[in-house]
Amino acid sequence: MNGIREGWFSEVNALWPGQCMSLEVEEVLLHEKSPFQDVMMLKTKHHGNALILDGVIQVTESDEFSYHEIGSNVPLNAHPNPEKVLIIGGGDGGMAREVCRNPAVKSVTQCEIDELVVNACKKYLPNLAVGFDDPKMNLIIGDGFDFMGKHKGEFDVIITDSSDPFGPAKVLFEKPYYQLMMEALRPGGIIASQGECLWLHLDLIRDMFKFCREIFPVVDYTTVSVPTYPSGQIGFMLCSLNPETNFRKPVRTFTDEEIETLGLKYYNTEMHAASFVLPHFAKKVLEGK
Ligand code: SAM
């Protein structure tokens with residue numbers, strides 16, 4: 001697997017048939033196979049360094065902040081006291097960076113399957129991997145599904161920052177994993193899980209909504225614009241054990257001054273609310289309208 005021709009990396013994949021994102025490449029910084037996946041780090045001409053797993057863009061330095069700020073602050077600010085957080089996947093460290101930044105969080109456990117990804121990101125994506133150095137962090141190398149099965153009633157918030165639903169990440173999009181996440185939460189706990197793209201994967205998202213509603217009393221979906229992801233958009237499944245949770249109205253908001261102090265670039269109170277607005281074709285399917 002390489003995907004580079006005439007100086008351009010192209011992200012061809014059956015999950016987004018007939019289209020692909022291309023990045024102009026300056027240098028291949030690393031290309032190795034781990035026991036789990038093909039790992040490539042590119043220095044691109046216009047998007048900084050980019051992590052590619054099994055031929056799929058995971059993060060680029062130019063736009064990673066939108067995904068990580070929404071994926072962390074939307075669930076954390078919907079929980080009254082998100083002290084103990086678990087991240088599954090997230091081997092680049094960007095989600096850990098954002099979760100640790102949130103002042104309400106006291107400890108973060110992260111379970112990532114692939115040590116090669118973590119080491120590559122420490123070397124080539126230091127602005128993301130800085131998350132691993134935070135004193136709140138405890139990084140475990142292991143399979144997220146297995147980890148979840150061994151932990152009951154421990155976490156206030158669980159964030160699954162997963163690659164797409166094939167290879168080692170496939171199980172992280174299925175009902176048994178969501179059932180295990182529910183059991184790993186403390187009372188009133190919340191989850192946010194990588195939930196693919198409205199434009200490309202509405203059937204998958206609809207099926208996830210269906211099984212989430214069988215497990216959790218509150219289910220919602222937040223979306224975020226990420227220019228280098230397929231179709232430029234991705235979402236997170238949001239579920240809460242607390243029937244009072246309204247993800248659209250956070251229990252904690254940041255003032256403009258706090259946004260600046262925290263160094264946030266995408267997330268603010270208006271963006272939190274806006275991230276729940278669905279285009280009509282998706283609303284009809286997901287909300288049965
Ligand atoms: N933001 C990215 C996206 O939406 O495509 C995800 C980035 S992060 C690099 C995804 C991570 O999930 C990868 O490092 C991968 O190794 C990890 N991963 C995949 N399957 C996993 C599993 N079963 N347990 C733990 N980590 C897993």
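**The ligand site**

Guide: The ligand sits in the largest cavity. A cavity is a set of points, on a 1 Å grid over the protein atoms alone, where a 1.4 Å probe fits but cannot get out. To sit there, more than half of a molecule's atoms must lie within 2 Å of its grid points. This is a predicted model: local features need pLDDT of at least 70, side-chain atom pairs count only at pLDDT 80 or more, and totals for chains, interfaces and linings use all residues. Numbering runs from 1 along each chain as its sequence is written, and side-chain values use heavy atoms, without hydrogens and water.

Domain 1 (4-59) and domain 2 (64-286) both give residues to the shell, so the ligand lies between them. The domain bounds come from an automatic or database domain assignment. Among the 26 residues around the ligand, Gln 37, Glu 112, Gly 144, Pro 168 and Tyr 229 come nearest (a heavy atom within 4 Å counts as near).

A polar side-chain atom of Tyr 67 is 3.4 Å from a ligand oxygen atom. The protein covers 100% of the 600 Å² of accessible area that the ligand has on its own (Shrake-Rupley method, 1.4 Å probe).

Conventions. Polar contact = N/O pair within 3.5 Å; in protein donor to acceptor, adjacent residues only side chain to side chain. 1 Å grid on protein atoms, 1.4 Å probe; cavity = no way out; pocket = protein on both sides within 12 Å on 5 of 7 lines; lining within 4 Å.
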